[in-house]
Amino acid sequence: MNKSAIQNQLRYIIAKEQYMKPLLENEIITEEVYNEVLENLYNEFEVWRYNRIQNPGIEFRNKKRKTNNDLAELNPGYISLTELAKSKSQKSIGYTIQMWLRDRGTVDFLSIWENKHNEKFLPIPMKLNTLTPKLWIKTTNSIGIVSRQGRNGGTYAHKEIAMHFVCWLSAEMMLNVIEKYLEVMNDEKDN
């Protein structure tokens with residue numbers, strides 16, 4: 001094998017191990033992009049001429065990667081605000097969640113919930129007009145909301161917080177909650 005062939009093999013291996021695999025593992029790129037780039041490099045460097053290096057992507061094509069990063073799996077009992085927002089509007093789902101979070105009543109509710117359930121909560125004054133789920137989580141050490149972009153991402157919240165979100169989205173749902181609450185209160189009063 002000549003010096004040029006060895007260099008091409010090394011370039012391919014370095015690209016695969018140092019650049020492409022970390023991007024795939026951190027879900028910055030998809031498996032399709034990973035395989036496509038490696039195939040292009042494989043052909044460009046003519047690595048196929050030498051038997052020692054397999055065609056790219058075989059390890060990922062033959063088996064489905066199991067991700068342990070799914071927010072729903074990592075936070076059992078939490079409800080996807082992203083999915084709830086989709087039911088209201090197919091457009092600007094993230095913006096819908098941000099508008100809810102920028103409401104003074106929402107921030108007050110979240111602060112009360114966090115104070116009750118999270119001893120590490122940091123109640124700090126925030127500018128409501130720039131508040132996002134990630135900013136809320138980062139600056140307050142919130143545990144009631146989790147959020148991540150990308151594959152298997154979205155914004156999830158504890159079921160009590162999700163109920164607040166649903167009531168904010170739908171006046172009809174708010175009325176149903178109030179009616180149920182009053183019904184329960186009347187039943188307790190009668191007994």
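Me: What makes the meeting of the Arg104 and Asp108 side chains a salt bridge?
Reply: In this predicted model, the side chains of Arg104 and Asp108 meet at 3.5 Å, taken from N to O, and because a salt bridge asks for a side-chain nitrogen of Lys or Arg within 4 Å of a carboxyl oxygen of Asp or Glu, the pair qualifies. Arg104 and Asp108 are four residues apart in helix H7, so about one helical turn separates them.

Me: Why are Arg104 and Asp108 called partly exposed?
Reply: The class of partly exposed lies between the limit for buried, under 20% relative accessible area, and the limit for exposed, over 50%. Arg104 has 47% relative accessibility and therefore counts as partly exposed, and Asp108, with a relative accessible area of 37%, is partly exposed as well.

Me: How many salt bridges does the structure hold, and where do Glu83 and Lys86 lie?
Reply: There are three salt bridges in the structure, and one of them joins the side chains of Glu83 and Lys86 at 3.1 Å, N to O. Glu83 and Lys86 are in helix H5, which covers residues 81–88, and being three residues apart they are separated by about one helical turn. Glu83, at 46% relative accessible area, is partly exposed, and Lys86, at 31%, is also partly exposed.

Me: How do you know that Glu183 and Lys180 form a salt bridge?
Reply: The side chains of Glu183 and Lys180 come to 3.7 Å, N to O, and this value meets the criterion because the cut-off is within 4 Å. Both residues lie in helix H10, three residues apart, which is about one turn of the helix.

Me: Why is Ser111 called buried?
Reply: Ser111, which is found in helix H7 (residues 104–117), has a relative accessible area of 19%, and because buried means under 20%, Ser111 falls into that class. Apart from neighbours within four places in sequence, Ser111 is in contact with Phe121 and Trp136.

Me: Is Leu38 buried or exposed?
Reply: Leu38, placed in helix H2 (residues 31–44), has a relative accessible area of 0% and is therefore buried.

Me: What makes Tyr181 count as exposed?
Reply: Tyr181 has 51% relative accessibility, and since exposed means over 50%, Tyr181 is placed in that class. The residue lies in helix H10 (residues 171–190) and, together with Met174, Ile178, Leu182 and Met185, makes a nonpolar surface patch of about 470 Å².

Me: What makes H6 roughly perpendicular to H9?
Reply: Helix H6 (residues 93–101) and H9 pack at an angle of about 100°, their axes being 11 Å apart. That angle makes H6 roughly perpendicular to H9, because the range for this term is 65 to 115 degrees. On the side of H6 the contact is made by Thr96, Ile97, Met99 and Trp100, and on the side of H9 by Ile161, His164, Phe165, Trp168 and Leu169.

Me: How do you know that H7 and H9 are roughly antiparallel to each other?
Reply: The axes of H7 and H9 come within 11 Å and cross at roughly 170°, and because angles over 145 degrees count as roughly antiparallel, the two helices are described in that way. In this pair, Gly105, Thr106, Phe109, Leu110, Trp113 and His117 of H7 meet Glu160, Ile161 and His164 of H9.

Terms used:
Residues numbered from 1 in each chain as written. Predicted model: local features only at pLDDT ≥ 70, side-chain atom pairs only at ≥ 80, totals over all residues. Heavy atoms only, no water. Patch = residues over 30% accessible without salt bridge, like charges linked within 9 Å, V, L, I, M, F, W, Y side chains within 5 Å. Areas by Shrake-Rupley, 256 points an atom, 1.4 Å probe, with all protein chains shown as cover. Buried < 20%, exposed > 50% of the residue type's maximum accessible area, 1.4 Å probe, protein only. Contact = heavy atoms within 4.5 Å. Axes fitted to C-alpha atoms, helices over the stretch in contact; angles between N-to-C directions. Parallel < 35°, antiparallel > 145°, perpendicular 65-115°, else oblique.
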